[in-house]
Structures are given as structure tokens and as C-alpha cells.
Amino acid sequence: MEKTIEGIIVPILTPITEEETPCLLQLKELTNYVIAGGVNAIFANGTTGEFARFSKEERGEILCSIVEAARGRVPVLAGVSDCGTKKVLANIRRAEEAGADAVATTLPYYFPTTSVKEQIDFIREVTLSTELPVILYHIPATVGSHLSERALDEVWELPNLYGIKDSSGDKDCLDRLLERYGERLRIFVGDEKLSYYGLRHGVKGLVPSLANPFPKVLAAAWKAAGKKDWEECKAHCELVNTMNELNSFSDSWMSPNIWRKEALKQMGIMEAAFTRPYTPLSEEDKRKVSGWISYYKEYYA
């Protein structure tokens with residue numbers, strides 16, 4: 001692999017119109033914004049990007065636009081998750097054609113893969129189907145099953161298996177992944193609450209949606225971790241946790257990404273439209289977003 005994938009991997013939001021079609025010009029502007037903010041890689045068509053609500057053609061347009069805008073400055077990971085192996089393999093072919101540097105997939109969703117054998121077969125077939133590095137995306141809340149350690153024990157030495165993005169939010173699970181597979185695979189934290197813990201315990205990067213509006217906060221945490229300045233690193237990560245108190249503005253599972261889009265709208269980078277159904281912010285919550293933007297511009301100039 002030519003490009004090392006580590007550090008702050010932003011799961012990029014997808015700007016859309018009110019008719020829910022991707023706005024590719026705004027997506028390119030967002031791509032340039034996060035790269036200028038210091039992120040180390042971009043994850044296209046992830047959960048933050050609302051990928052499951054777009055057609056395969058739209059997902060292809062999104063990925064191609066990001067690859068074009070990135071211009072090789074940072075690696076681009078293509079989310080290829082789908083509800084079955086056949087669809088995932090087709091998504092991988094499109095990712096290869098678009099020029100992605102790696103692919104990332106959850107276990108198949110809707111029909112949960114609770115069988116260890118099914119997980120082994122899926123991971124093996126996906127990984128052996130491509131020369132691109134493959135990152136497994138562990139997010140049991142959306143796929144209905146946990147990535148089995150029994151399955152990982154059978155596949156973790158596959159040549160193209162590059163790493164695991166753990167979005168379980170379970171510190172014990174993260175510990176086990178690091179201990180059992182950390183010497184061979186790169187382990188990434190997808191739950192922002194565990195950012196500091198993960199960095200302190202040797203993860204190879206974070207995949208934080210907050211890096212969309214506020215990339216410099218996360219980039220500063222990664223830089224501090226690289227210097228082993230744990231006091232500074234913790235301060236940046238605690239700020240992330242404080243900002244994320246706004247996640248509870250509604251009981252919507254996607255509430256973090258809804259207000260991140262609003263922040264980027266107020267910055268003039270993209271519109272705040274979101275795929276339906278969703279819960280919009282109140283005017284009071286929009287003012288809270290404005291406050292965080294002001295803070296960010298003052299302290300992370």
C-alpha cells in the first residue's frame with residue numbers, strides 16, 4: 001500500500017439539496033475545508049455520510065467527487081457496506097474504478113450475520129476480492145450483530161485486511177481488539193467518547209464526525225498524542241465531549257450529524273439539508289451551534 005491510513009479520518013458528511021440529491025460542488029468545498037483543517041484521510045459513504053439512504057449511482061458520484069477534490073493530498077476510504085456479499089463486491093468494483101485508496105465495510109445489515117461461519121465467509125470473500133486494503137467497520141447498533149472474535153481469529157492474517165474501525169462504544173471491546181489484533185491490524189476508534197482513551201492506549205487513529213465542522217480540534221488531539229503530550233491531548237478530547245453535549249438536542253439517532261451540518265451551513269460551506277426522516281434543530285439550538293463556531297474560530301485559528 002502506497003499511503004498509510006492513520007490519524008484523523010473524517011467520515012465526511014454529504015451535502016444534499018432539499019430534494020435529497022447530493023450537492024457535489026458543496027461536497028468538494030467540504031473536502032477542501034477538512035483537508036485544510038488537518039485531517040489525515042477521508043472516509044466517503046460512511047454512516048455520517050447517510051450512505052444507506054442513497055442509490056448506488058449517487059454513492060458513486062459522491063465517492064468520485066471526493067477523490068477528485070482530494071487530488072491525492074490525503075487517502076480516500078470508500079464505504080462499501082451493504083446488505084449482502086454480492087452488493088458489497090459490486091460496491092468494491094465501483095470504489096476501485098473511482099480511485100479509492102481503501103475500502104471499509106460493516107457486516108451485512110438488515111439480515112444480521114449472527115453466524116460465525118457467515119462472518120468468516122463474508123470477510124474472507126470481500127478481502128480476497130480486491131487488492132485494496134480492507135477495513136472492517138464494527139458498528140453493531142446498525143447491523144444487528146457484533147464482529148465476532150472467533151471470526152476475527154480465523155481471518156485477521158489475510159494479506160489485504162488492514163484494520164478495524166470500532167464504533168461499538170464499548171471500552172472493553174476496544175481493549176480486546178487492541179490486545180488480540182493490534183500487532184497486525186490497525187485499530188481505529190469511531191466513538192468520539194473514547195477518543196482520549198483510544199489514543200492513550202495505542203489506536204492508530206480516530207474516525208470522528210466532529211472533524212467535519214471542527215477539524216482542527218481533532219487534528220490537535222492527534223498531534224498532541226504523537227508528542228505524548230497527554231495533558232494537551234486530553235484537553236482537546238474533553239472539548240470534543242463538551243461540544244457533543246449538543247448531540248442530545250433530540251432523541252434522533254442521527255442528531256450529531258444534523259447539528260454538524262447546521263454548523264457548516266453557518267460557516268458558509270454547505271447547506272444543512274438532511275435525508276428524511278430527521279429532527280431539525282430549534283432556533284435555540286442553532287444559537288448554541290453559533291457559540292461553538294465562535295469558540296472554534298477564536299481558539300483554533
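Me: What makes up the lining of the largest pocket, by nonpolar, polar and charged residues?
Reply: The lining holds nine nonpolar, 13 polar and five charged residues. Ala, Val, Leu, Ile, Met, Phe, Trp, Tyr, Cys and Pro count as nonpolar, Asp, Glu, Lys and Arg as charged, and the others, Gly among them, as polar. This is a predicted model, in which local features need pLDDT of at least 70 and side-chain atom pairs pLDDT 80 or more, while totals for chains, interfaces and linings use all residues. Residues are numbered from 1 along each chain as its sequence is written, and side-chain values use heavy atoms, with hydrogens and water left out.

Me: What is the volume of the largest pocket?
Reply: The volume is about 650 Å³, meaning the space filled by probe spheres set on grid points joined across faces, edges and corners. Of the 27 lining residues, G190, D191, E192, W253 and P256 are closest to the centre of this pocket.

Me: What lines the second largest pocket?
Reply: Its lining includes T47, E50, F51, R53, Y109, W253 and M254. The volume is about 260 Å³.

Me: How many cavities of 30 Å³ or more are there, and why are they called cavities rather than pockets?
Reply: There are two. On a 1 Å grid over the protein atoms alone, a 1.4 Å probe fits in a cavity but cannot get out, whereas a pocket is an open set with protein on both sides within 12 Å along at least five of seven lines; lining residues have an atom within 4 Å of a point. The largest cavity holds about 90 Å³ of space, and α2 (56–70), β3 (76–79) and α3 (85–98) each give two or more residues to its lining. The second largest cavity has about 50 Å³, and its lining has seven nonpolar residues, no polar one and one charged.

Me: How do you know that β6 and β7 pair?
Reply: Strands pair if DSSP finds at least two bridges between them. Strand β6 (residues 161–166) and strand β7 (residues 186–189) have four, in the parallel sense, therefore they meet the definition. I187 of β7 is the bridge partner of I164. Helices (H or I, at least four residues) and strands (E, at least two) are DSSP runs, numbered from the N terminus.

Me: What makes the crossover from β6 to β7 right-handed?
Reply: With the strands pointing away from the viewer, the path from the first strand over the helix to the second runs clockwise. Here the chain crosses from β6 through helix α7 (residues 171–181) to β7, and the crossover is right-handed.
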